[in-house]
Each structure stands twice: as structure tokens, then as C-alpha cells.
Amino acid sequence: MANGCPLQDPLLTEGTRDNTAPNIKTSQLIQDLNVLDTIAHITHERIPERYVHAKGVGAFGTFEVTNKDFKVSDYSDAKFLSEANKKTRLFARFSTVAGEKGYPDTVRDLKGLAFKLYTEEGNLDWAFLNPEIFPIRDPSKFPSLVHASKRCPASNLPDATMFWDYFNNHPEGYNALMRIFSDEGTPVSYSALQAHSVHCYTFTKWGQWKHTLVRIKLVPDRVIDPAKDYFDLAGAVAKAGADPDWLTRRLYCEIDAARKGDPGCQFPAWKVMAQLVQDPSQSTVNIFDSTKILSEKTFPWKEFGKITLTECPQNFFTQVEQAAFNPANVVPGWDISPDPLLQIRLFAYGETQRYRLGVNNDQLPTNRPCSYVYSPTRRDGAYNMTNYANARNYIVPGDNSHPPQNYNTSFLQWSGSLERFKSEINSVDYQQCNDHYLGLSETMRKHFVDNVVASLSTATKTQQDKALGQWTLAAISPQLTPS
Ligand code: HEM
């Protein structure tokens, strides 16, 4: 029993029986303590699923400093970056975004690629994305974007009209749609995907009062062949029916095969790269606009690390479902930035996790830092497991007798007037759509059109016409006929 009392046999039930009339006069006693306890528990087994990114898979591995193209410790004081070959343990979770927990993995969607690095200075969380940009730059649009990508409130069905109606009215999202509707939106494996920070973060050097805005991307360590590594429309649709958990299974299989040393099998691995934005005035787009990529020519990508995943989880619920990634989890030397979307994310993740997992979710095994934590005013609350015994629950000057050498503080100077505004749509919003389309191979362009038509053909004629209007603005609509 849960109270520690041994059971004669957990499958016995306690009831009344009339041996002269088997099966008729038989009943169950409600005083059967074992049955009561286990039934009461199973009816409470489910916790709320993540509101977005509900379907996911996780694995453990390491981050290693490579300093291949530059010495990252010249820009950041973070101890886990201090020297080449230094390794830090991490947990990764990959997810689809709009679908629920049981949704098929190969339905077209953005993908979340989240990493929790257990550094000696606390947990650093990267909640990254594929593609490299997000459909919005104004946080106030997030609820509309999510509602329109999920199910219709009346029918509870995914609804293409809702989806296209949203994007046709908020066309800054078209740049992300260009990527989502390419074959990269239906990868064969999570290990074939790039992961992007989307926002700028800030590398800081405490002693030199130096800060450098930086976007991060993870690039698969193996060569990616779109023909083999991405599904086309027919392949994705077939796989959704044949194996709805394809991406989940595939990650486990890749790790298991590499552990066994199967010929030609490698652990999933990524190069970690930085786009250092030393002079933001060189950018032709707002560097805090999540719907835009930053020019690679102006701000070249440079490699400084490597991530390798080597261990499957031992328990999905404890390690993957209870994982709580939060962009607010940063460490000295790796700071946030003023990007408006990032600022609101600093609130959203902890807030939803207090609802989904409880106020003490940071004490769960998968979220607990490996560094020393002493936070005596955080007391009590549901399921508190480390409550500092009889230590003082308030702080007085001098309590922090071993302050850290480096810590994050706001390095950026703010100026400007307080305003209420909505960002406006202009020609720059369409330019990157066009650039992306022109960068696709002939086959990928055809597939892009097939993928769009499959979705748009189920929306109303009004939304089809509006979508064609948007692509005309991006100067790519004439090619929008299926192959
Ligand atoms: C205003 C913008 C956004 C808001 C309000 C928001 C909110 C959320 C929320 C509430 C969750 C669920 C977290 C949980 O239950 O643990 C989530 C998950 C996630 N978000 Fe966002 N999000 C935003 C934009 C973004 C962007 C721009 C990225 C990528 C750069 C991103 C990446 C992720 C990832 C990877 C997860 C899944 C984490 C996991 O595996 O548990 N989100 N987001």
C-alpha cells in the first residue's frame, strides 16, 4: 500500500459472495483499502498537457565547447563556456506545436527544440524553434495565433478557414508560413532539423562591462538531404496514419542504434553557432523583430559548440512530461534582450508551469539545478520537497556571504517615450518571403505549392483569394498552381 503496509496480493478484491449462486449475488466492498487507493490514484493520473507544444519526446546528452570559429569566452563569462572541450549535461525536448498530446507527428507544424543545460551556475534553458522565425512580433497577437492554429470552437475540428483568415489579416506571419509549408515542415527526424533562438539574447562580460547581442542556431552535424530527410506531402500524410508517433520513435531508434554501435549510425548531434550582432545599426531589419531573419552577410554565423544526445529517458512522465523550460532561466554571461516577444515569454512559461505542474515545479527531478540553490523566501506551497528545515524564512543584510563573481544585470541602456502601438505591415515583410522562395530548389518550390494547396483548398474561396493576394505582394503568386 502507498502507506508502506505490505499487501497479501494486490489483485485480490474484498467483497461478498454467495457460493450457491455464482455471478449473481457478488459484490465489492468499499472498505477494500487497496482497490480504493489505486482507483483513487489512477483517476488523478493526468495533469494538464502543455497548452502549446503538447506532443514531445526527450533525451539526455551533452553540450561541449568547441570554439571552432571563435573563442566564446571572449564574449561571455558563463562558466560552462569558459574553455574548449568543456562538457555540460543537458536534457532536450522536441515537440510539435499546435497538435495535442496524441496528435500525429508528421502533420505540418512548427517544431519546438528545447534544451536545459545543467550548468554549475544554474540551469540555462534554450526554448528554440524550427523555422528560424516566428509568425508574430507583437506579443498581444499570441492568443489569436494559437487559437487560429488549433481547433474550431464550434466543431472541435482543425479549420483551414480560421487558419488562413488569421494569417491573411496578420501577414507578417507569411515569412514563417513560407518555411512551415516547405518540406522542412514535415521532417523525417528531429535530428534533421535546425533549431533557432529566433530572438537575440545577450552575451555579457562582467569585468569589461561588455555586452553583445547574439542569435543562436543549432545545425545538424550530418549532411541533410531534403529528398531523404524531409517528407513530401504524400509521405507525411501516409506516415501520419501508419505511425502517428514516427518522430518520437525515430529519436529513440537513432540513439539506441548509435549506443549499440550499428554501422553508419550516429548519435543525433548539432553544431552550435552564434550570430554576433556587434553593431545593430548595420541591420536592415529591426533586430528585435521575431518575424525576420538577420542578414548572414552582415552578421556571419560562427561555430562555438556541439550538442550530442546519447540517452533515452527512463521515465517519460518524470523526465519529459514534467520538464519545464523557461527562457527566464539564464546564467551569468548569458542574458535576455529587450525583444518584445522574449519579454512576454519571460512571464508566460513560469506562469503556465505553476498551473500545469505546481508552484514548486523547479524542485522536480528533471528541473532541479545541479548547482547550489538557497532561496529562503521561497517556502511552502503544494508538493514542496526542500523547505530549508528551520532556516530563517526572511533575508537580512549580510546573508549572502558568498556572492558570485559575475552576475547578470541590465547592460543595455533604454531611452524613448512610452507609447501604445501596433507594428505596421510594409514591403520589408514581403521581401524575405520572396528571398526564401527564390532560394528553394525547383523540386522544393513544387512541393511548397503542393503543401499550400493541400491546406488552402479546404478553406473558403474568400481566404484563398486573400492568400493569393498576399503571395502577389511577395511577388511569388504566379507559381501557385499544384504540380
Ligand atoms: C509571445 C510569444 C510566446 C508565448 C506567449 C509562448 C508561450 C508558450 C507556452 C505557454 C508554452 C508551454 C510551456 C509549458 O507548458 O511548459 C510554450 C512552449 C514552448 N515554446 Fe513558446 N511562446 C511564445 C513564443 C515562442 C517562440 C518565439 C519560441 C522559440 C523561439 C517558442 C518556443 C517554445 C518551445 C520550444 C516550447 C516547448 C517547451 C517544452 O518542450 O516544454 N515559443 N510557449
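Among contacts in the protein chain between residues at least 6 apart in sequence, what percentage join residues at least 24 apart? The share is 73%, where two residues are in contact if their C-beta atoms, placed from the backbone, lie within 7 Å.

The model is predicted, with local features needing pLDDT of at least 70 and side-chain atom pairs counting only at pLDDT 80 or more, while totals for chains, interfaces and linings use all residues. Residues are numbered from 1 along each chain as its sequence is written.

The protein chain has 12 helices and 12 strands, which are DSSP runs numbered from the N terminus (helices H or I, at least four residues; strands E, at least two). Of its 483 residues, 35% count as buried, meaning that 20 or more other C-beta atoms lie within 10 Å of the residue's own, whereas 12 or fewer make a residue exposed and values in between partly exposed.

The ligand is surrounded by 28 residues, each with its C-beta atom, placed from the backbone, within 6 Å of it; the closest are Arg50, His53, Gly112, Leu129 and Val198.

Tyrosine 349 counts as partly exposed because it has 18 C-beta neighbours inside 10 Å. Leaving aside residues up to four places away in sequence, tyrosine 349 touches Phe325, Asn326, Pro327 and Ala328.
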